[in-house]
Amino acid sequence: MSSPDLLKSWFKFFVILGLTTWSLRLLSDALMVPEALWPRAWWWGLRFDLAVAALLAGLTVLGLWLVGRSPLPVPRRGWLVPAGLVLLGAHLGDWLYWHETGRHIGYEAAELFNSLDSLFNMLLDHWPWMIGLLIATVLAFTVRWVEVETRGHWLQQDLSLLGVILVSVLFVRSNASGIPQGPHDAMRMNDASEATAALNGAYAALHGLQNGHDGLHHYPLDWLSPEAAEKAVASLYSTPPRMSENQAGPMPVNVIVVLLESWSTHHMQALEDGTPVTPNFDALASRAFSDREMIASGMRTTEGMFAIFCSYQNPLGQTLARQPQALFDYDCLPRRLADAGWSTAYYQGTHENTSGVGAYAQSLGFELSEGKQAISERKYPENNWGVYDHDLYQHVLRALPDMPEPLLIGINTNTTHDIRLHDDFSPLVKPDSRLNRERNTLHLADHELGEFVNALENHEWQHPWMLVLVADHTARVRGSAVQRFQVPFAIYAPDLVEPGNPEHISHHRDVAPTVAEILKLSLPYAMGHSLLNDAAPQIAEYYHGGTLGWFVGNDKLVEIPLADPEQARCHNWRRNPALDKGSTCFNTMQREIRQAYGLTRAAQERLFANEVLALVPGSQSANSISSAR
C-alpha cells in the first residue's frame with residue numbers, strides 16, 4: 001500500500017504557490033502602483049503572500065491525506081490545479097476590482113459571484129490575454145509534485161498532517177500570538193499607496209470570502225480617547241444646522257436624483273483642443289447650483305448612496321449593503337419623504353441585485369426598486385453590465401405618469417459602467433487609448449443625459465421639480481487620491497435655486513441637507529451641511545488604504561495615517577494635484593488632525609453601535625424619527 005509524504009508535499013506546494021502569488025502581486029503592483037512598490041511594500045507584502053500560499057497548500061494536503069486514507073490510488077499529478085485556479089481566480093477578480101476602484105476587493109469578494117457574467121465579458125473584451133494566463137497556470141500545475149512512499153503508516157500520516165496544520169496556521173496568522181493578521185494590517189504602513197501595494201489581492205479576496213456577509217471590520221481608532229473625540233466633534237458642530245422646516249410640512253417638490261455611475265471630474269476635463277467631453281452637463285451646470293470638486297464618500301455605488309441619501313460616514317473603505325448594520329436606524333432623505341407622502345422609486349441600468357443595490361435602496365426608503373430585467377422596451381443591446389442610459393431614462397419617463405406627485409426618483413446610470421459605445425453613436429476621439437475610450441463613453445452618457453433633461457423640461461408637472469446630478473463614485477482614474485475622489489454635482493431647479501457654486505469644498509454628505517433645505521425639511525442628524533448655507537463649516541474627507549484625507553480651507557489637504565496620525569503630511573492639492581510634494585505637518589495642523597481623527601472615531605463607533613442619531617450635538621432635541629419606526 002502506498003501513501004503520500006504529506007510534509008514534503010506541503011513544502012513543495014507552499015514554495016510553488018508562494019512564488020506564484022508573490023509574482024502575481026508584484027506584477028499587479030507594477031501596473032497599478034509602481035511608485036509605492038519598492039522597497040517597503042515589497043517586503044511588507046511577503047507576510048500576505050506566505051499566508052495565502054500556506055492556506056492553499058494546507059487545504060491541498062488535507063485533500064491528499066483524505067485520498068491517502070481511502071482505498072483509492074494516490075495520483076501524483078494535478079494536485080495543485082484546484083489551488084492554482086483559486087489563486088489565479090482570486091487575483092483576477094481583485095485585479096478587475098482594483099482597476100475599477102483603486103482598492104483591493106477584501107470583504108466584497110462574495111459579491112463577485114453576483115456579477116460573474118459581467119466580469120467574464122469584461123475580461124474577454126478588454127483583457128483576453130488573461131485567459132491565456134489562466135490556461136498556462138493550469139498546465140503548469142499538472143506537473144508531478146506528490147511524493148509517494150511504498151508503505152503507509154496511519155499514525156505517521158496523522159502526525160504529519162498535524163504538523164502541516166500547525167505550520168499552515170502559523171503562516172496564515174503571521175505570528176504565534178492570539179491576534180491573527182488581516183487585510184487591515186496593511187494600514188500599519190501609514191501610506192495609502194504602499195498599503196495597497198503590500199496587500200496580496202488573493203489574500204484579501206479569500207479573507208473576504210471567509211467572513212462572508214458578516215465581514216465589516218471595525219478599525220481600532222484609539223489614538224484619541226473617547227472624550228477627546230467627542231470634544232473634536234463638538235468643535236466641528238458648534239453651529240447647529242439650520243432648521244427651516246415648514247410648519248405645514250415640506251414643500252411638495254418632485255425630486256429626481258441621478259447617480260452618474262463612475263463619472264469623475266478628472267475624466268470630464270476638456271480635450272487638448274478645448275472640445276468639451278460633457279457639453280450637456282457643462283451647459284446645465286452653468287444654469288444650476290453646481291460643483292466639480294465634490295468629494296465622494298467611497299468607491300462603490302452603495303457607499304455613495306449611504307452618504308448622499310443618509311448624510312453619514314460609511315464604514316471605512318466598506319459598504320453597509322448586505323450587512324447586518326444596513327438594518328440600523330438612519331435618518332435618510334428617501335425615508336423622510338416617503339413618510340411625508342412622496343412616491344418613491346429607484347431605477348438602475350444593471351441587474352437589480354448587483355452589489356445588493358436594489359434591496360439597499362429599499363432599505364433607505366425607496367418603495368419600488370427596478371433593475372435592467374424590468375426594462376422590456378429597449379433600443380440598444382446591453383453592454384457588459386446592463387442597458388444603456390437611453391433605455392433606462394426612457395423606462396423612467398414611461399413610469400412618470402403613473403407615479404403620484406410629489407415624487408422622489410433615484411436613478412443609477414449604467415452607460416459608464418463599461419467603456420463600450422453602441423453602434424449608433426460616433427466616438428468623440430479616436431479610441432486608441434483607454435483614456436480616450438473613457439472619454440468616448442462619458443461623451444455618450446452625457447448625450448443621453450441631455451436627452452433626459454430635455455424630456456423632464458417638457459414633462460407636464462403638477463408640482464415644481466428639481467434635478468440632482470451627482471456621481472456615486474469614480475472609476476478607472478489614474479491619478480492621486482484627490483483625483484480619485486472628485487466627482488461632479490449639480491442641482492437644477494430653476495424656480496427654487498439660483499445658479500452658483502458652493503463657498504467651500506463639498507462632500508457627498510452635503511447633498512441630502514441641501515435638498516432638505518430647499519424643501520424646508522429638517523434633517524437634524526445629518527453629518528453634512530446644506531451647501532446653500534455659506535456659514536456652515538466645511539467637513540470633507542476621504543478614506544483610502546488606511547489614510548484619511550482631510551480638506552482644510554480651499555487648497556490644503558492633510559493626509560492622516562490612521563495607524564499613526566503624527567506622521568501626517570500636508571499638501572497644497574491645487575498647486576500639486578499629484579500629491580507628491582507633501583511635507584510633515586503634525587505640529588502646524590494638530591488641531592485639524594485631531595478634529596478629523598476625532599470625528600472619524602466617533603462616527604465609526606456610533607455606526608457600529610447603532611447610535612448614529614446621537615452623533616451631531618444638539619440633534620437629540622430635534623424631532624425624533626426613531627419613535628416613528
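## Basis

The model is predicted: local features need pLDDT of at least 70, side-chain atom pairs count only at pLDDT 80 or more, and totals for chains, interfaces and linings use all residues. Residues are numbered from 1 along each chain as its sequence is written, and side-chain values use heavy atoms, with hydrogens and water left out.

## Overall make-up

The protein has 19 helices and 14 strands. These are DSSP runs, numbered from the N terminus (helices: H or I, at least four residues; strands: E, at least two). Of the 629 residues, 59% are buried (under 20% relative accessible area, 1.4 Å probe, protein chains only).

Contact means heavy atoms within 4.5 Å. Among contacts between residues at least 6 apart in sequence, 74% join residues at least 24 apart.

## Helices α12 and α14

The axes of α12 (residues 301-310) and α14 (residues 357-364) come within 11 Å and cross at roughly 15 degrees. Axes are lines fitted to C-alpha atoms over the stretch in contact, and angles run from 0 to 180 degrees between N-to-C directions. The two helices are therefore roughly parallel (angles under 35 degrees).

T301, T302, M305, F306, F309 and C310 of α12 meet V357, Y360, A361 and L364 of α14. Eight of these residues are nonpolar, two polar and none charged (Ala, Val, Leu, Ile, Met, Phe, Trp, Tyr, Cys and Pro count as nonpolar; Asp, Glu, Lys and Arg as charged; the others, Gly among them, as polar).

## H395

H395 lies in helix α15 (residues 389-399). Its relative accessibility is 12%, so H395 counts as buried. Leaving aside neighbours within four places in sequence, H395 is in contact with Y347, E370, A374 and I375.

Key. Angles under 35 degrees count as roughly parallel, over 145 as roughly antiparallel, 65 to 115 as roughly perpendicular and the rest as oblique. Buried means under 20% relative accessible area, exposed over 50%, partly exposed in between (1.4 Å probe, protein chains only).
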